[in-house]
Amino acid sequence: MLIGSPSQTGRDLWSRTIPTTGKWAGGYPVLSEELRGLLHATGGQGRAELILPRGCRSS
């Protein structure tokens, strides 16, 4: 379902996928401080950037 903006659509989807019954109804388990720090330090945003030298053009 699309709503007025991408952020509203995301919030709607998120709210409809949060479990209200079953094993995770009380919340998801939290990773240890060490693992969260490791993920934060080594996890990029999944993008690569190419910086061309001066005078070079991309096609």
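This report walks through some side-chain contacts and surface features of a predicted model.

## Salt bridges

Let's start with the charged pairs. Searching the whole structure turns up two salt bridges. In one of them, the side chain of arginine 16 meets that of aspartate 12, with 2.9 Å from N to O. These two residues sit in helix 1, which covers residues 6–17. Arginine 16 and aspartate 12 are four residues apart there, so about one helical turn separates them. As for arginine 16 itself, its relative accessible area is 53%, which makes it exposed.

Another salt bridge links arginine 36 and glutamate 33 through their side chains, at 3.1 Å from N to O. Here both partners belong to helix 2, and they are three residues apart, about one turn of the helix. Glutamate 33 counts as exposed because its relative accessibility is 58%, past the 50% cut-off. Arginine 36 has a relative accessible area of 39%, so it falls in the partly exposed class.

## The aromatic pair

What about the rings? A search of the whole structure gives one aromatic pair. Its members are tryptophan 24 and tyrosine 28, whose ring centres are 6.0 Å apart. The planes make an angle of 35°, and the pair is classed as tilted.

## Threonine 17

Back in helix 1, we find threonine 17. Its side chain reaches the backbone oxygen of tryptophan 14, at a distance of 3.1 Å. Threonine 17 has a relative accessibility of 45%, so it counts as partly exposed.

If you want a sense of distance across the model, take threonine 17 and glycine 46. They are 29 residues apart in sequence, and their C-alpha atoms are 24 Å apart in space.

## A leucine patch on the surface

Which residues make the nonpolar surface patch? Four leucines do: Leu31, Leu35, Leu38 and Leu39. The patch has an area of about 380 Å².

One of these, leucine 38, is placed in helix 2, which spans residues 33–42.

Conventions
Residues numbered from 1 in each chain as written. Predicted model: local features only at pLDDT ≥ 70, side-chain atom pairs only at ≥ 80, totals over all residues. Heavy atoms only, no water. Patch = residues over 30% accessible without salt bridge, like charges linked within 9 Å, V, L, I, M, F, W, Y side chains within 5 Å. Areas by Shrake-Rupley, 256 points an atom, 1.4 Å probe, with all protein chains shown as cover. Buried < 20%, exposed > 50% of the residue type's maximum accessible area, 1.4 Å probe, protein only. Phe/Tyr/Trp six-rings, centres within 6.5 Å; stacked < 30°, edge-to-face > 60°. Polar contact = N/O pair within 3.5 Å; in protein donor to acceptor, adjacent residues only side chain to side chain.
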